[in-house]
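This briefing is intended to be read alongside the sequence and the three-dimensional structure. The points below are grouped by topic.

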Amino acid sequence: MPGYQKITSKMLQVPVAPGAEVYSRRGAMLAYTGSVAFAPSTTAGQSIGGAIGRAVAGERSAMMHVTGQGEVMFGHAGLHVSVVDLSGGDTLFVEADRLLVHDASLQVGTMFMGEQGGVRGIVRGAVTGQGLFTTTLTGKGSCGLLSHGGVMELPIGPQHPVHVDPQAYVAHRGQVQNRLTTAVGLRELIGRGSGEGFQLELSGSGVVYVQASERKI
Amino acid sequence: MSSFGTRTWNAATLPANDNVNPYAFSVDLDGQWFAQKGKMIAYYGQVRFEALSSGPLDALVARTFNSPLYAQDWIVAQGRGKLLLADRGFDVNSFDLDDGNLTVRAGNLLAFEPGLELKQSIIPGFLTLIGTGRFVAASNGAVHFVEPPIRVDPQALLGWADCPSPCHHYDHSYMRGAFGAARMVFGIGGSSGEEHQFDFTGQGTVLMQSSEAVMNEDVLLRDLEGQIGMVGTSGLQRLQQTISRRLSSERQG
């Protein structure tokens with residue numbers, strides 16, 4: 001597979017061929033060579049049932065199906081782009097609006113936050129503004145993620161969990177449990193908090209992607 | 001070096017006609033430069049900034065600034081000193097033209113030497129520089145150079161050099177068939193947002209940037225106003241109907 005190629009920190013070049021199609025965020029194409037077509041897609045590679053589920057969950061980002069033969073460049077709103085390659089073994093958990101482009105060979109799903117971390121997961125989704133659902137990508141292929149200021153890859157080991165600011169969290173993969181930890185004390189109650197009252201604790205084994213900013217997309 | 005790891009500059013150590021960092025450019029001013037309003041962030045030396053309409057500049061403006069539409073956005077910096085230019089934290093680059101031509105998005109052109117002649121491009125919102133000299137332009141992310149044939153999203157297009165022929169390309173192929181017809185008639189499923197591109201063919205270079213979400217609406221508006229002269233009476237009446245229809249729907253919304 002030729003793979004995704006980064007041109008600049010904000011631009012990605014993706015080869016498209018029959019049988020190697022991609023889905024991308026609508027309107028994120030910058031340029032292309034060859035003969036490539038862009039069709040709006042409501043299902044983004046899922047079944048109709050899955051698409052309805054996603055729509056109900058609010059975890060829906062307008063995607064388009066990119067087909068044909070050629071090279072397509074992607075980018076969005078001057079945000080940084082990072083490439084994540086999935087070898088087929090694990091699942092990537094990411095917010096739908098951070099997804100710039102992904103191979104059509106990847107299976108897209110929606111996961112209820114409660115599945116990862118129970119009630120805490122639900123609270124986490126509500127507090128961070130990410131909603132109660134998140135998007136999952138499984139299979140073999142690549143995807144491009146959007147971030148503000150670029151991402152760092154932090155490994156998570158069984159002995160060393162990682163604490164992340166919920167606003168700086170972009171995505172994670174592997175066997176990871178996430179938990180919202182609060183550091184709310186008397187100071188927060190009287191409005192003298194450090195401004196870091198909530199943290200996301202990720203434990204298990206895997207990788208978390210963190211952006212160098214607290215700005216949402 | 002300061003304690004923050006950044007270098008401290010002064011008038012003597014600032015680079016001459018070179019980048020200070022990826023986001024700021026230092027012009028070694030000795031004479032006159034055209035600069036877009038609001039892009040100058042600092043200067044050293046004896047520099048005066050004059051509006052293009054001011055009398056003494058008439059001869060210079062008539063010779064090199066061939067675009068009344070953009071005249072109110074530009075000033076002339078004259079004197080001796082160092083002029084620092086920057087724009088919205090974008091990457092800033094300078095380019096040298098040697099008896100050449102280059103067209104660039106109007107909002108992204110920061111400054112140019114009077115040796116170059118500025119004209120409005122036929123594509124709305126773009127300016128063409130012709131001649132010999134240096135100019136400074138900003139881009140969202142580093143500039144990426146590509147060769148035709150290529151199709152570029154209108155927002156990602158930064159400009160083009162030499163003469164690849166730019167034209168519009170529309171792609172509605174997914175509107176075909178029974179499902180496509182339903183999509184077109186009922187508007188279900190939305191559009192991909194990628195139906196329209198600029199198509200470049202021929203010899204030359206196309207300059208691209210990562211997509212810029214914010215368009216300079218003021219320039220767009222003035223561009224439209226400038227083109228009204230080409231519309232006849234019946235066209236003006238139709239335009240009026242379109243505008244009033246749009247206005248009433250905006251009020252309801």
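A:Val207 lies in strand S15 of chain A, which covers residues 198–211. The model that contains this residue is a predicted one. The model carries an ipTM of 0.71 and a pTM of 0.78.

*Surroundings of A:Val207*

- Setting aside neighbours within four places in sequence, the contacts of A:Val207 are A:Glu153, A:Leu154, A:Pro155, A:Ile156, A:His172, A:Arg173 and A:Gly174.
- Between A:Val207 and A:Gln5 there are 202 residues of sequence separation, and their C-alpha atoms are 22 Å apart in space.

*Strand S11 of chain A*

- Strand S11 of chain A spans residues 140–147, and seven of its eight residues are buried.
- Strand S6 of chain A (residues 80–87) pairs with S11(A) in the antiparallel sense, over eight bridges. Within S11(A), A:Leu146 is the residue that stands opposite A:Val81.
- Strand S8 of chain A (residues 99–103) also pairs with S11(A), again in the antiparallel sense, through three bridges. Here A:His102 has A:Cys143 of S11(A) as its bridge partner.

*Contact between chains A and B*

- Chain A contributes 23 residues to the contact, and chain B contributes 25 residues.
- On the side of chain A that touches chain B, the elements giving two or more residues are strand S1 (5–8) and strand S4 (29–41) of chain A.
- S4(A) gives the most to that side, with nine residues.
- By class, the side of chain A that touches chain B comprises 13 nonpolar, eight polar and two charged residues.
- Strand pairing crosses between the chains: S4(A) and strand S11 of chain B (residues 150–152) are antiparallel and share two bridges. In S11(B), B:Arg151 is the bridge partner of A:Tyr32.

*Chain B: composition and confidence*

- Chain B contains four helices and 15 strands.
- Of the 253 residues in chain B, 31% are buried.
- Taking the contacts in chain B between residues at least 6 apart in sequence, 77% join residues at least 24 apart.
- The average pLDDT of chain B is 85, and 87% of the residues score at least 70.
- Confidence within chain B is lowest in helix H2 (residues 177–186), where the mean is 61, and highest in S7(B), at 94.

*Strand S2 of chain B and its partners*

- Strand S1 (residues 18–21) and strand S2 (residues 24–36) of chain B pair in the antiparallel sense over three bridges, and a hairpin of two residues connects S1(B) to S2(B). B:Asn19 has B:Phe25 of S2(B) as its bridge partner.
- S2(B) pairs with strand S5 of chain B (residues 74–85) in the antiparallel sense over 12 bridges. In S5(B), B:Ala77 is the bridge partner of B:Trp33.
- B:Ala111 of S7(B) stands opposite B:Ala35.

*Nonpolar core*

- The largest nonpolar core holds 96 residues, and those with the most contacts inside it are A:Phe74, A:Leu145, B:Leu85, B:Ala111, B:Val152 and B:Met208.
- Strand S9 of chain B (residues 126–139) gives the most to this core, with seven residues.
- Apart from neighbours within four places in sequence, B:Ala111 is in contact with B:Val27, B:Trp33, B:Phe34, B:Ala35, B:Gln36, B:Lys39, B:Leu85, B:Phe135 and B:Val136.
- In soluble globular proteins, nonpolar side chains tend to be buried together.

*Helix H4 of chain B*

- Helix H4 of chain B comprises 20 residues (233–252), which at 1.5 Å a residue should span 28 Å; the end C-alpha atoms are 29 Å apart, in agreement with that expectation.
- The number of buried residues among the 20 of H4(B) is zero, so this helix lies largely in the open.

Note on methods. Residues are numbered from 1 along each chain as its sequence is written. Chains are lettered from A and ligands numbered from 1 in the order in which they are written. This is a predicted model: local features need pLDDT of at least 70, side-chain atom pairs count only at pLDDT 80 or more; totals for chains, interfaces and linings use all residues. The expected span of a helix is 1.5 Å times one less than its number of residues. A residue is buried if 20 or more other C-beta atoms lie within 10 Å of its own, exposed if 12 or fewer, and partly exposed in between; C-beta atoms are placed from the backbone. Two residues are in contact if their C-beta atoms, placed from the backbone, lie within 7 Å. Ala, Val, Leu, Ile, Met, Phe, Trp, Tyr, Cys and Pro count as nonpolar, Asp, Glu, Lys and Arg as charged, and the others, Gly among them, as polar. Two strands pair if DSSP finds at least two bridges between them. pLDDT is the predictor's confidence in each residue, from 0 to 100. A nonpolar core is a set of buried Ala, Val, Leu, Ile, Met, Phe, Trp, Tyr and Cys residues joined through C-beta atoms within 7 Å.
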